[in-house]
Amino acid sequence: MDNIQNIAEEVIRIENLTKRYILGTQQVNALDGVSLSIKRNDYLAIMGPSGSGKSTMMNILGCLDTPTSGKYILGGTDVSQMQDSELADVRNKQIGFVFQSFNLLPRYSALENVALPLIYCGTPEKERIELASNALETVGLSDRKNHKPSELSGGQRQRVAIARAIINNPTIILADEPTGNLDTKTSIEIMSIFEKIHKQGNTIILVTHEEDISRFAHRIVRLRDGKIESDTQHHQNQ
């Protein structure tokens, strides 16, 4: 019974995942037999030095790339060997992305940037505006919804990016170095928003090289040479 419950709670399961690249005459094992289980409402930081495999792991978890071998089960579906068109559909419905560089469209307002994923889903305009307004309220940016990215600070732009990531109520939120372009004070403000979103029941996977940022997560997985070096619970901020 407990085993059935554990499987039901799993959002992600990867089994013996490998990713190999050929560089000239050399074979590089970016991921080398990685297995990991992530449960619903986990708050996980993936860390590791340059070349450890964390970027490759992020790309596979985000359905931006496929593994050479092994399984990736997302929400009960094996997405390991899906075609690009199928992966795009999974990304849009199940994964919310937050990037270091924000990736906002400069000519669109904050509200329009947040609503963008809903256009791909065919959501009616009135509902798009309502949901985007609610998402901006969640990140404390209701008063800036008509501003364009150039009229916002770096921290405000990242708040817009977070609002866009949660608009579809995704299975997971994948944040890649989300504070990399921000000062310390703003970084702490952004991480407090992630904590708020986590408390609402979301599953968050944070990719970072910053120790102080990783401490906001409740579980830290460290990679080295394409393998998991450690996987520890971290309760400091709970």
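**View 1. Asn-169 in the loop between H6 and S7.** Asn-169 is exposed, with a relative accessible area of 62%, in a model that is predicted. The residue belongs to the loop that runs between H6 and S7. Although Asn-169 and Ile-95 are 74 residues apart in sequence, their C-alpha atoms lie 8.6 Å apart in space.

**View 2. Helix H6 against helix H4.** Two packed helices are described by the angle between their axes and the distance between the axes. For H4 and H6, the axes come within 7 Å and cross at roughly 30 degrees, which makes H4 roughly parallel to H6, since angles under 35 degrees are counted in that way. The crossing of H4 and H6 is right-handed. On the side of H4 the contact is made by Ala-110, Asn-113, Val-114 and Pro-117, and on the side of H6 by Val-160, Ala-163 and Arg-164. By type, the residues of this contact of H4 with H6 divide into five nonpolar, one polar and one charged.

**View 3. Helix H6 against helix H5.** The axes of helix H5, residues 125-138, and helix H6, residues 154-166, come within 9 Å and cross at roughly 130 degrees, and H5 is therefore oblique to H6. This crossing of H5 and H6 is right-handed. Ala-135, Leu-136 and Thr-138 are the residues of H5 that meet Val-160, Ala-163 and Ile-166 of H6. The contact of H5 with H6 comprises five nonpolar residues, one polar residue and no charged residue.

**View 4. The aromatic pair of Phe-97 and Phe-99.** A pair of aromatic rings is described by the distance of the centres and the angle of the planes. A search of the whole structure finds one aromatic pair, formed by Phe-97 and Phe-99, whose rings are stacked at 5.6 Å centre to centre with 5 degrees between the planes. Phe-97 is buried, and its relative accessible area is 16%.

**View 5. The buried side of helix H3.** In helix H3, which spans residues 84-94, the buried residues are Leu-87, Val-90, Asn-92 and Gln-94. These buried residues of H3 pack against strand S4 (69-74), strand S6 (95-99), helix H4 (110-120) and strand S7 (172-176).

**View 6. Ile-46 in strand S3.** Ile-46 lies in strand S3, residues 43-47, and is buried, with a relative accessible area of 0%. When its neighbours within four places in sequence are left aside, Ile-46 is in contact with Lys-54, Met-57 and Leu-61, with Ile-205, Leu-206, Val-207 and Thr-208, and with Val-221 and Leu-223. Leu-223 is 177 residues away from Ile-46 along the chain, yet the C-alpha atoms of the two are separated by 7.4 Å.

View 7. Most residues other than glycine have a negative phi. Phe-102, which is not a glycine, has a positive phi near 70 degrees; the residue is found in the loop between S6 and H4 and is buried, with a relative accessible area of 8%. Glu-177, likewise not a glycine, has a positive phi of about 45 degrees. Glu-177 is placed in the loop between S7 and helix H7 (184-199), where the residue is buried with a relative accessible area of 10%.

Definitions and conventions: Residues are numbered from 1 along each chain as its sequence is written. This is a predicted model: local features need pLDDT of at least 70, side-chain atom pairs count only at pLDDT 80 or more; totals for chains, interfaces and linings use all residues. Side-chain values use heavy atoms; hydrogens and water are left out. Axes are lines fitted to C-alpha atoms, for helices over the stretch in contact, and angles run from 0 to 180 degrees between N-to-C directions. Helices (H or I, at least four residues) and strands (E, at least two) are DSSP runs, numbered from the N terminus. Angles under 35 degrees count as roughly parallel, over 145 as roughly antiparallel, 65 to 115 as roughly perpendicular and the rest as oblique. A crossing is left-handed if the near helix is turned anticlockwise from the far one by less than a right angle, and right-handed if clockwise. Contact means heavy atoms within 4.5 Å. Ala, Val, Leu, Ile, Met, Phe, Trp, Tyr, Cys and Pro count as nonpolar, Asp, Glu, Lys and Arg as charged, and the others, Gly among them, as polar. Rings of Phe, Tyr and Trp (its six-membered ring) pair if their centres lie within 6.5 Å; planes under 30 degrees apart count as stacked, over 60 as edge-to-face and the rest as tilted. Buried means under 20% relative accessible area, exposed over 50%, partly exposed in between (1.4 Å probe, protein chains only).
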